Amino acid sequence: MRLARRVQNIKESPTLAITAKAKMMKARGINIIGFGAGEPDFDTPRHIKDAAIRAIDEGFTKYTQVGGIDELKDAIIEKFRKDNDLQYTREEVLVSCGGKHSFFNLCQALFEEGNEVIIPSPYWVSYPVMVSMAGATPVIVPTCEDKGFRMTHEEFDKSITPATKALVINSPSNPTGVVYSAEELMAIAEIAVKNNISIISDEIYEKLCYDDSHFISIASISDNVKRQTVVLNGVSKAYSMTGWRIGYAAGSKELIKAMTNIQSQSTSNPSSISQKAAVEALCGAQDTIVEMLREFDKRRRFIVDGLNSIEGITCTMPAGAFYVFPNISAFFKRSYKGKIIGGSIEFADFLIDVAEVAVVPGRPFGAEGHVRLSYAMSMENIEEGIKRIAEAVRRLE
Ligand SMILES: *Cc1c(COP(=O)(O)O)cnc(C)c1O
């Protein structure tokens with residue numbers, strides 16, 4: 001069968017691919033240590049599950065409004081007011097089937113052939129793909145590791161052309177853990193406003209900031225910036241609800257209406273049961289986030305120390321999210337049993353085969369010299385994984 005041109009460049013998400021390979025090896029009885037996971041290892045909090053069970057028992061199991069029930073929209077509006085000092089109305093909010101779906105709807109509503117969309121690298125693997133699927137061109141702006149993987153406002157400015165339609169900003173970042181400061185965001189926002197460029201701010205890791213890194217939504221800088229910004233967020237990461245599929249977008253009425261129309265002709269509403277659970281997540285007790293953050297912080301320090309103790313690996317301390325993004329380029333050109341490590345993909349293959357450790361190669365994130373490890377796993381497993389990596393790389397020639 002001849003498939004549409006549209007799909008010929010779409011590959012499986014490499015994060016999911018490595019997780020699938022690790023799962024397959026696990027099923028064969030191999031004790032894989034999987035650093036690939038893009039989700040918290042904690043269970044969804046009890047009170048959130050109970051809200052879902054209640055929804056089922058009360059028969060809240062039918063279609064809802066396409067863009068989400070008012071109760072959830074109001075919970076989201078209240079969250080924006082309380083956490084980000086942002087005011088939105090129900091018409092400026094859309095609930096979708098995960099943050100990924102929010103980004104997809106946004107691309108379809110905003111981009112077309114001839115548009116350029118600026119994406120700083122390393123980036124979340126789905127951004128350039130979804131931008132391309134909408135017919136637009138991703139413009140990758142590489143950032144330097146020694147500048148902490150931050151796109152400066154000068155770098156942003158230089159990448160703007162008359163075709164530039166939007167900028168994607170993801171702070172805290174997957175995969176680097178970078179958290180932009182208020183000053184950096186202000187400088188970037190000023191340029192975006194001056195050039196009439198839309199800002200897409202993916203804030204899914206908002207709640208996962210460590211030490212004194214402080215989250216700020218770029219939309220909260222000024223009313224002018226807010227008018228040009230679409231904020232994307234969701235319950236997946238903060239509440240360990242990746243499987244529930246609830247994400248949301250907030251932006252201008254016009255854009256949200258267009259995104260809602262796309263959703264109405266594709267998925268319709270996100271699961272009614274998950275919506276009720278998300279209301280509880282946003283309005284109920286927030287103490288599970290504090291506990292999760294404390295645990296992640298411990299693991300973050302431990303894994304960074306462990307990786308840095310391995311000769312050939314350098315790893316900076318991430319300020320947010322739950323990933324580390326060490327530099328492994330010192331191993332390139334080395335070999336194992338005659339097989340040369342040419343890049344991050346070969347290095348990840350080497351680790352899964354020789355160390356039985358799964359990591360995600362940096363190439364699909366736009367950072368060939370790196371791999372991504374998630375520390376959403378127990379300390380014991382992190383320790384064992386580090387030990388295995390250290391032993392494996394010693395065997396490289
Ligand atoms: C996990 C993630 C999302 C959203 O995931 P969903 O499960 O679709 O809600 C969005 N952006 C980034 C960068 C992520 O890592």
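1. Start with A321, which counts as buried at 0% relative accessibility. In this predicted model, A321 has a positive phi of about 60° although it is not a glycine. You'll find A321 in the loop between α11 and β9 (323-324).

2. R245 lies in the loop between β7 (229-234) and β8 (247-250). Is R245 buried or partly exposed? With a relative accessibility of 33%, R245 counts as partly exposed, because buried would need a value under 20%.

3. Now for the cis peptide bonds. One joins S171 and P172, with omega at about -10°. Another runs from N174 to P175, and here omega is near 20°. P172 sits in the loop between β5 and α7 (182-194), and P175 is placed in the loop between β5 and α7 too.

4. Which residues of helix α5 (residues 126-133) are buried? They are S126, Y127, P128, M130 and V131. Just after α5 comes G135, with a positive phi of about 95°.

5. Have a look at how α3 and α10 sit together. Helix α3 (residues 70-84) packs with helix α10 (residues 272-283) at an angle of about 25°, and their axes are 9 Å apart. The two are therefore roughly parallel to each other, since that label covers angles under 35 degrees. The crossing of α3 and α10 is left-handed. On the α3 side the contact is made by E71, L72, A75, I76, K79 and K82, and on the α10 side by Q275, K276, A278, V279, L282 and C283. Sorted by class, this contact of α3 with α10 has seven nonpolar, one polar and four charged residues. As for the spacing along a helix, an α-helix has 3.6 residues a turn, so residues three or four places apart point the same way.

6. The other helix pair is α11 with α13. The axes of α11 (residues 287-308) and α13 (residues 379-394) come within 10 Å and cross at roughly 10°, and therefore α11 and α13 are roughly parallel to each other. From α11, the contact uses E295, K298, R299, F302, I303, G306 and L307, while α13 brings M379, I382, E383 and I386. The class count for α11 with α13 is six nonpolar, one polar and four charged residues.

7. Q263 deserves a click. It is in helix α9 (residues 253-264), and at 0% relative accessibility Q263 counts as buried. What does Q263 contact, leaving aside its neighbours within four places in sequence? The list is V66, G67, L94, V95, S96, H101, N105, S268, N269 and P270.

8. C315 is in no disulfide either, its nearest cysteine sulfur being that of C209, 18 Å away. These distances rule out a bond because a disulfide needs the sulfur atoms within 2.5 Å. C209 is buried, with a relative accessible area of 12%, and C315 is buried as well, at 7%.

Technical notes. Residues are numbered from 1 along each chain as its sequence is written. This is a predicted model: local features need pLDDT of at least 70, side-chain atom pairs count only at pLDDT 80 or more; totals for chains, interfaces and linings use all residues. Side-chain values use heavy atoms; hydrogens and water are left out. Buried means under 20% relative accessible area, exposed over 50%, partly exposed in between (1.4 Å probe, protein chains only). Axes are lines fitted to C-alpha atoms, for helices over the stretch in contact, and angles run from 0 to 180 degrees between N-to-C directions. Helices (H or I, at least four residues) and strands (E, at least two) are DSSP runs, numbered from the N terminus. Angles under 35 degrees count as roughly parallel, over 145 as roughly antiparallel, 65 to 115 as roughly perpendicular and the rest as oblique. A crossing is left-handed if the near helix is turned anticlockwise from the far one by less than a right angle, and right-handed if clockwise. Contact means heavy atoms within 4.5 Å. Ala, Val, Leu, Ile, Met, Phe, Trp, Tyr, Cys and Pro count as nonpolar, Asp, Glu, Lys and Arg as charged, and the others, Gly among them, as polar.
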